[in-house]
Each structure stands twice: as structure tokens, then as C-alpha cells.
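User: Can you walk me through this one? I'd like helix packing, then the interface.
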Amino acid sequence: MMRRLRKITPFQVALVTSFTALAAFMSLPIIFILNHAFKPQNELFLFPPRFLVQNPTMRNLESLLLHASNATVPFTRYLFNSIIVAGLTLACVILVSTMAGYVLAKHKFHFKQLVLALITLSLMFAPETVGIPRYLIISGLGINNTYLGHILPALASPVAVFMLVGFISQIPGEVLEAAKIDGASQVGIFTRMVLPLSMPAIATISIFTFQGVWGDVETSTLFMQEETMRTMAFYVNSLLSGLQNSVAGQNMAAAAALLIFVPNLIIFLLFQRRVLETMVHSGIK
Amino acid sequence: MGSITFNHVYKRYKGEARPAVNDFHLSIEEGEFLVLVGPSGCGKSTTLRMLAGLEEISEGDLYIDDKYVNYLSPKDRDIAMVFQNYALYPNLSVYENIALGLKLRKTAKHDIELRVNRVARILEISHLLGRKPNQLSGGQKQRVALGRAIAREPQVFLMDEPLSNLDAKLRAQTRAEIIKLQSELKRTTVYVTHDQVEAMTMGTRIVVMKDGIIQQVAPPRELYDQPANLFVAGFIGSPQMNFIQGSVTREDGRFYFVNKRIKLPVPEHHYPGFNRDRNGISFIMGVRPEHALLKADTGREEEEGWVRCEVEMTEITGADSYVYVRLGEQTVIVRTDPDKLHRKDDKLLVSFAMNKVHFFEEQSGDSVSLKGDAQ
């Protein structure tokens with residue numbers, strides 16, 4: 001008896017080859033960041049630049065972390081600030097956006113359309129245009145140089161609310177009504193039904209909110225006058241743009257770039273599956 | 001326990017001139033299986049949702065067990081509801097779906113387990129308890145939804161077209177199960193459907209609604225035998241009741257129903273309805289297909305009560321056959337023995353069991369005989 005083999009057409013070969021090549025090309029920046037962080041000083045300034053590291057060294061990370069000794073604010077302080085700010089902002093944005101999304105998607109109240117229109121309208125503003133009003137509000141509230149000053153501007157995320165309104169309105173109303181009859185309070189319906197059912201959308205929001213906050217320098221530049229309250233993104237930026245250490249700081253910047261990048265990667269890998277669910281969900285329904 | 005009283009209840013939506021539910025006034029006794037039936041948009045679901053507390057009552061009072069519940073939230077009404085699209089919690093397992101209501105009511109853990117398992121046994125879903133709703137078939141989902149309602153042992157069951165999403169065979173099977181379950185649990189049940197067969201087979205009492213207004217409230221048999229108006233007469237029964245237009249004349253103290261083709265004596269029990277001055281008013285005679293008779297046309301002079309007609313088409317359902325005959329401009333459906341074959345354009349004689357026919361005023365649609373009884 002002949003065993004039937006699956007035929008591989010030349011087209012399939014071409015397809016797989018080209019996609020593999022594309023995937024390899026897309027992964028180049030990641031490989032570069034990983035290598036760059038471990039290059040010694042001489043390799044960093046090599047011309048033409050090399051892609052892969054020749055003599056890996058931990059010196060860059062070391063000097064970044066030990067920069068504390070001769071700078072006023074230690075690097076770890078920036079790192080700590082970034083973790084606090086990103087973590088709290090993420091939690092608060094998820095909480096505020098899901099609650100707003102639930103109410104806007106599933107409840108009737110006066111001026112609901114107006115509220116939705118305002119949220120849509122706020123999507124149209126470029127962040128630069130609201131920089132000055134934001135500064136005035138932050139200083140008016142007297143929350144310069146506090147974590148709240150980092151968190152508050154990012155808290156109202158129209159994109160997140162917009163996405164969640166769309167997502168939550170797809171949850172059948174009967175499911176929530178059944179929970180209501182079963183004895184769930186509004187808080188119960190929110191925590192037991194709405195939150196778990198909108199996990200895919202929350203995952204998506206988490207990724208872009210985290211990326212936005214983790215890489216944000218605006219709040220540190222505008223609202224934080226005290227160096228101790230600024231975040232890692234700001235510090236890395238200053239390493240590259242500050243005049244006195246733009247050359248000397250290159251090694252630290254390379255290491256810092258890795259530190260900036262790794263959490264994003266982790267968050268993305270964690271939530272990737274959920275994000276795909278979102279797309280499937282909205283595609284089918 | 002479990003009686004319900006609607007006291008002139010209205011539901012009005014903003015920007016709509018006609019109330020969605022118009023003067024719903026009804027008492028439901030404890031343990032009753034009440035069916036709300038009517039075409040879509042007749043307000044039956046809205047009525048049920050007001051009873052559940054999911055929809056506000058615009059006007060009127062609602063009592064459950066003599067307790068005023070207009071402003072009581074759904075969870076405090078001691079009711080359970082089964083939805084058309086099951087409305088299972090997609091993120092919870094079957095067990096958790098059934099248990100949630102008990103959990104939220106702070107039932108002891110071992111008690112929850114006991115009750116969930118008992119309900120699962122009754123509904124034969126014990127083997128599904130670990131699954132998620134998306135791993136179930138439609139019939140299984142509906143059983144879980146029923147289980148969720150039963151487990152809490154509420155005073156009142158509300159069902160909003162629970163069988164509409166099931167296929168025909170499963171629907172008949174689940175229908176029988178619900179009837180059995182209700183008679184065992186003896187809980188007040190309010191059931192909404194647009195399917196008159198479901199209404200007739202399930203309800204101990206049926207409410208027929210149209211345009212938000214109750215048309216008639218009666219047990220199934222009475223609804224079938226004594227429809228209050230044209231709408232109820234046409235809605236209940238399949239195939240539909242035949243309607244023949246005509247007028248009523250009086251000759252020598254006897255009433256006759258006449259039109260161009262026919263002249264039929266009105267039975268005496270309908271006389272009170274015609275005794276008032278009703279000359280020149282158009283009437284409609286209603287005859288169910290099983291109350292009409294066909295026989296071969298012998299070609300002789302028409303006997304009294306027999307009318308000439310021609311066959312239009314025949315529908316054979318197996319147990320019966322329905323012959324569509326043309327009587328002037330009107331078509332009349334007659335139920336016959338399926339063994340007798342009638343061909344298109346066959347000339348036949350048709351007669352009606354006059355003691356079973358109904359008369360309605362054409363203008364108002366109201367039944368003449370019922371009005372006569374009342375006077």
C-alpha cells in the first residue's frame with residue numbers, strides 16, 4: 001500500500017520562506033537591543049556599526065546602576081518611580097475605563113449621548129495642544145512633584161473607554177439581567193460578570209496603557225521639578241540628550257534601552273493571547 | 001404564596017403615543033401556569049419584564065403575595081427567570097451557573113452543593129456540571145437555565161419564550177418536561193410565547209394580547225370554543241378559523257345568516273345577540289375547519305344548509321387532510337378524512353355545524369354570542 005504524503009506545492013514553499021524572512025527581519029531590532037546593551041564602549045562607537053556583540057560585558061548595566069554614586073539621584077530611584085507610576089496608572093485606568101464603559105454601554109441615563117460625544121471629541125486632540133491646560137490644572141491642584149501628578153493626566157483614557165464601550169455592549173443584556181434576578185448588586189454584576197467577560201479588551205488596554213506610561217517623558221518634564229520624582233524614561237532621555245554625558249552616557253543608554261524594552265515585551269507576551277481573542281471576538285460578532 | 005396581582009398596569013415609552021402595555025388588569029393565583037400569548041410587539045414580554053422588575057411600571061400597581069412590589073428590585077421579588085437565549089454566565093461553569101443565585105443569597109456551602117446536585121439529577125445534567133456554557137448544545141443550555149431557576153426555589157417562575165431557540169423535536173420534548181416540572185413543583189409560572197400551540201398545551205390559563213391590550217383571559221378549552229373576538233378566534237387554532245362575511249336577516253321569528261351564496265339558519269342560542277336592532281350591520285361567521293363537512297355534489301337542488309363549492313387545493317398532514325374550497329369569493333378550509341381524495345376543481349357541497357359556529361360584528365370584531373350571554 002502506498003502511503004499518501006501531503007503534497008507541498010512550490011507556492012507553499014515560497015510562502016513559508018518569505019514569511020520566515022519577514023519574521024527574521026522584524027526581530028532584528030529586538031536582537032539589536034539585546035546585543036547593544038552588552039557591547040563594550042569601543043564596540044558602541046564602531047564604524048561601520050556591528051550588529052552582534054563581540055566581547056559581551058556587564059559594564060554597561062553596572063555603570064548604569066552604580067551611576068548613583070556620583071549622581072544626585074540614583075538610577076534605582078527612577079526605576080522605582082517608573083514601576084510605581086506604571087503599575088498604579090495601569091490599575092486605575094483599567095478600573096476607571098471598565099466602570100465608565102459598563103455604565104455607558106449598559107445603562108440608561110440623561111445626557112448619555114452627550115457624554116459619549118465628548119469622549120469621541122477628546123480623541124481628536126493632539127496631546128501637545130492640551131499640554132498647557134494640563135499644566136495649569138496640575139499646578140492648580142498642587143500635585144506637582146507627587147505620584148498623583150504622573151497618574152492623573154493618564155487616568156482618563158478616551159481610547160480605553162471607547163474600546164470598552166464597544167466591547168461591553170456586545171455582552172448580552174440578558175446575562176446581566178439574569179445576574180440581577182439571581183441577586184447580584186450593581187457592584188456584583190460589575191465584578192462577577194462585566195470584568196471577567198471584558199478581559200480581552202482589558203488586556204489590549206493594558207498593553208497600550210503600559211507602553212504609553214512606561215515610555216512617557218511629558219509628565220516628568222512638565223509637572224516634576226524635583227529630580228527624585230522623575231521616571232526612568234525621562235532619565236534615559238536625558239542620558240542621550242544631555243550635553244555633558246551624551247557621549248559618555250552611550251553605554252548606560254544602551255543598557256537602559258534594554259531595561260525600558262523588557263517590561264513591554266513581558267506585558268505583551270502575557271496578554272498577547274487575550275488580544276487575539278479580542279480580534280476574533282469582534283471579527284465574528 | 002406566589003399569587004400575583006396586576007392592578008391597571010400601564011407601560012409607556014417616551015415618544016410613543018400608544019402604551020406598550022395598556023391597562024393590564026389581572027390576578028394570577030398561586031400555583032397557576034399562566035401563558036401570555038400574542039404576536040410580536042403585543043406587549044407580552046414587556047409585561048413579564050415589569051413583573052421581573054427589569055422594566056419600570058409607568059402606571060398602576062403590582063403585587064406579589066399582597067406585597068406592593070412596584071419599586072422592589074428584581075432580587076428582592078423572589079422570582080426566577082428563564083430567557084429565550086438562555087443567558088448563561090459564559091465565564092462560569094455549569095455548576096457555578098446554577099450555584100450563583102444561592103451563593104449570592106448566602107446559602108451554606110454544603111446546602112448549595114446538595115441543591116445543585118439534586119437539580120442536576122432532575123434535569124439529567126449531572127455529567128455537564130464541570131463544563132462551560134460554550135461547550136453545551138442548545139438543549140443542554142436551556143436545561144441549565146431551567147436548573148438555575150429551579151435551584152433557588154423561588155415563589156414565581158418567569159419564562160420568556162424559553163423554547164424558541166430549540167429545534168422542533170427538542171422543543172416538544174422540553175415543553176413536556178416543563179409541564180411535568182411545573183406540576184411537580186406547583187410554583188406559579190408566567191410563560192410568554194408567540195406560539196399558540198405552546199400556549200394551548202402548557203397553560204392552565206391563557207392571556208391573549210394584542211397591541212398592549214388583553215383580548216381574552218381563559219383556560220385553553222374555553223379560549224378555543226368561545227373566542228371573545230375575531231383576533232382571538234383567528235390567533236388560536238391551526239389552521240386558522242374560517243371567516244365568512246355576510247349579514248343577518250329575520251324571517252318569521254327566525255334568524256338567518258345570508259350573503260350572495262349562502263343562507264344559513266342561526267342556532268337559537270345566538271338569538272339574544274341579534275335581538276337588538278342590528279339591521280344592515282355586517283357580520284362575520286367563524287367556522288373552524290373541523291366544523292365543516294364536505295359531500296359529493298349530486299347535482300340536485302341545494303338542500304338547506306348545503307352550499308355548492310369547488311376544490312382549490314388539498315393539504316395532507318398525515319392524520320388529517322385539509323381541503324381548501326372556493327365559496328364565491330371566499331376560501332374555506334375543511335378538515336376531512338385523508339382517505340378521501342379531492343382533486344382541484346371538483347364540485348362539492350359544504351355544510352357547517354351551525355351549533356358550533358361563531359358570529360362576530362365586522363366593525364368591532366367582538367363576538368356576538370358572548371355579548372348576548374352578558375345581556
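User: Which way does α2(B) pass α4(B), left-handed or right-handed?
Analyst: α2(B) passes α4(B) in a right-handed crossing. Right-handed means the near helix is turned clockwise from the far one by less than a right angle, left-handed anticlockwise. Helices are DSSP runs of H or I, at least four residues, numbered from the N terminus. This is a predicted model, with local features needing pLDDT of at least 70 and side-chain atom pairs 80 or more, while totals for chains, interfaces and linings use all residues. Residues are numbered from 1 along each chain as its sequence is written, chains are lettered from A and ligands numbered from 1 in the order written, and side-chain values use heavy atoms, without hydrogens and water.

User: What angle do those two helices of chain B pack at?
Analyst: About 25 degrees, for α2 (residues 94-104) and α4 (residues 138-151) of chain B, with axes 8 Å apart. So α2(B) is roughly parallel to α4(B) (angles under 35 degrees count as such). Axes are lines fitted to C-alpha atoms over the stretch in contact, and angles run from 0 to 180 degrees between N-to-C directions.

User: Which residues of α2(B) and α4(B) make the contact?
Analyst: B:Val94, B:Asn97, B:Ile98 and B:Leu102 from α2(B), and B:Val144, B:Gly147, B:Arg148 and B:Ala151 from α4(B). Contact means heavy atoms within 4.5 Å.

User: Now chain A. How do the axes of α4 and α7 of chain A cross?
Analyst: At roughly 35 degrees, coming within 9 Å. That pair is α4 (residues 75-106) and α7 (residues 147-155) of chain A. α4(A) also passes α7(A) in a right-handed crossing.

User: On to the interface. How much do chain B and chain A bury between them?
Analyst: About 1700 Å², 62% of it on carbon and sulfur atoms. Buried area is the accessible area (1.4 Å probe) lost on putting two parts together, summed over both. Chain B puts 26 residues into the contact and chain A 16 residues. B:Tyr89, B:Asn91 and B:Leu104 supply 29% of what chain B buries against chain A, more than any other three residues.

User: How many salt bridges across that interface?
Analyst: The rule finds 2: a side-chain nitrogen of Lys or Arg within 4 Å of a carboxyl oxygen of Asp or Glu. A:Glu177 forms a salt bridge with B:Arg49, closest N and O atoms 2.7 Å apart. Over all chains, the count comes to 19.

User: And what does A:Arg134 meet in a salt bridge?
Analyst: A:Glu218, at 3.6 Å, N to O. The pair links distant parts of the chain, 84 residues apart. A:Arg134 sits in α6 (residues 131-141) of chain A, A:Glu218 in α12 (residues 218-223) of chain A.

Technical notes: Angles under 35 degrees count as roughly parallel, over 145 as roughly antiparallel, 65 to 115 as roughly perpendicular and the rest as oblique.
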